[in-house]
Structure formats: structure tokens, C-alpha cells
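Here are some questions and answers to read alongside the model. Keep the viewer open as you go.

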Amino acid sequence: MTNRHAALAVSVLALVTLHPASAAPAWAQDAGRLQSTIEDVAARWPKQRHIAPGDLAGMMRDGTAVVFDVRTVDEYAISHIDGAALVDPAMSRAAFLSQHGPALKGKTAVFYCAVGVRSSKLAERVGDDGLKAAGAVGSANLAGGIFAWHGDEKPLVDAKGATDLVHGYDSSWGKLIKRQELIKNDAGK
């Protein structure tokens, strides 16, 4: 390589590195923010087991998980993981165990929400000791929630069947969704 070619290569590299058009696409930056959010949730709830979407998919295939959607009715209506029971994020431990305890015998209760905050709070409130007293193996939180599940292109359903849509929670949190074109925040439209 001549000096002239080397200088040109350095100039092109500098231009590509510094030019805003060459920056990573917004979804890639926000995917990094989703990973950061996943790490933050795990740090806030270190005693909670956090599992990846692939792990949950395997548990569902094996029949070893009971899945709980800890989001609003509107979020659930847009899409949810097939078979997930919708539960109120503010549900008490006693109410949760009374309502769902019988279905948990020998299984792991897996909680999810948009990114993992509401579901971690409920999982902590219910507690592994309460779940184990009901016969469950324990609990887990879906790391990254439905946003990570959707980003990994795992199946979602709505009242009509399979869907690729996901509720973005709000305009700020929705930026963490990898496939932005599939966000739908209003079940009526």
C-alpha cells in the first residue's frame, strides 16, 4: 500500500467513524439499552432468577412452567405469550397463591411484563417460599420481558390467534423494542 492509499484509508475510516449517517441504527442502540435494562433489573432483584426467552420456550415445551403476564389488560390484548395468565401487578401474595397455587404443583412460576420491573416486583412479593409452600419448584422472571421475547421472534398471540404485534408500554419504553414497525399501543385500532 502506498502512502497515498494509506492516507486515503485513514480519511475514509475517520469519515465513517465520525459521520452521523454511519452511526448504528436507532434500534441497535435501543437494543443495547434493552440489554442495559435487563442488567439493571437483575441487579435490583439479585435474589430473583432471571431467565432468557429461549430458556422459557424450552420450559414451556417441557411443560415445566406456568407463565404469568404482569401487564395491563390493554397490553395483554395486543399480544401475550400463549398460555400466559394475566395477573394484576398489584396482586397480593395471598390472592396470587389462592388463585394460582393449585396450577403450580411441580412447576416453575415464570413472570413477565414489558421489560421485567413489574414482574420482578410481583415475583418478589409472592416469594419462592410462598410458591414452594404451594408446591411449586420456584419462580423466575423473563429477562427483558415481552420486549426480549418479541425481539427474539418468539411466538405471540392475541384473542384471534398468532400475531407479530407487541404493546410498547409508552413512547419512552417502546424505544427498546427491536422491531419498531410492529408496535401497537391501542387495541381498538
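**A walk through the fold**

Q: Which residues of helix H6 (residues 117-126) are buried?
A: Helices here are DSSP runs of H or I with at least four residues, strands are E runs of at least two, and both are numbered from the N terminus. Buried means under 20% relative accessible area, exposed over 50%, and partly exposed in between (1.4 Å probe, protein chains only). By that cut-off, the buried residues of H6 are Arg118, Ser119, Ser120, Leu122, Ala123 and Val126.

Q: What kind of model is this, and how are residues numbered?
A: Residues are numbered from 1 along each chain as its sequence is written, and side-chain values use heavy atoms, with hydrogens and water left out. Local features need pLDDT of at least 70, side-chain atom pairs count only at pLDDT 80 or more, and totals for chains, interfaces and linings use all residues, since this is a predicted model.

Q: Is Ser119 buried or exposed, and what is its relative accessible area?
A: Ser119 has its place in helix H6. Its side chain reaches the backbone oxygen of Gly116 at 3.4 Å, a polar contact (a pair of N or O atoms within 3.5 Å; within protein, one must be able to donate a hydrogen and the other to accept it, and residues adjacent in sequence count only if both atoms are side-chain atoms). Ser119 is buried, and its relative accessible area is 0%.

Q: Leaving aside neighbours within four places in sequence, which residues is Ser119 in contact with?
A: Contact means heavy atoms within 4.5 Å. With the sequence neighbours within four places set aside, the partners of Ser119 are Val70, Phe111, Tyr112, Cys113 and Asn141.

Q: How many residues of strand E4 (residues 108-112) are buried?
A: Thr108, Val110 and Tyr112 point one way from E4, while Ala109 and Phe111 point the other way. The residues on both faces are buried. E4 is therefore largely enclosed by the rest of the structure, and its buried residues number five of the five.

Q: Which residue in E5 is the bridge partner of Thr108?
A: Two strands pair if DSSP finds at least two bridges between them. Strand E2 (residues 65-69) runs parallel to E4 with five bridges, and there Ala65 stands opposite Thr108. E4 also pairs in the parallel sense with strand E5 (residues 138-142) over four bridges. In E5, the bridge partner of Thr108 is Gly138.

Q: Which strands stand at the edges of the sheet?
A: The open sheet has five strands with parallel pairing, in the order E1-E5-E4-E2-E3. Each edge strand has a single partner strand, so one side of each is left without a neighbour in the sheet; the edges are E1 (50-51) and E3 (85-86).

Q: Which residue in E3 is the bridge partner of Phe68?
A: E2 and E3 pair in the parallel sense over two bridges. In E3, the bridge partner of Phe68 is Ala85.

Q: What is the separation of the C-alpha atoms of Glu153 and Pro53?
A: Glu153 lies in the loop between helix H8 (145-151) and strand E6 (156-158). Glu153 is exposed, with a relative accessible area of 56%. Pro53 is 100 residues apart from Glu153 along the chain, and their C-alpha atoms are separated by 9.6 Å.

Q: How many helices and strands does the protein chain have?
A: Of its 189 residues, 42% count as buried. The secondary structure comes to eight helices and seven strands.
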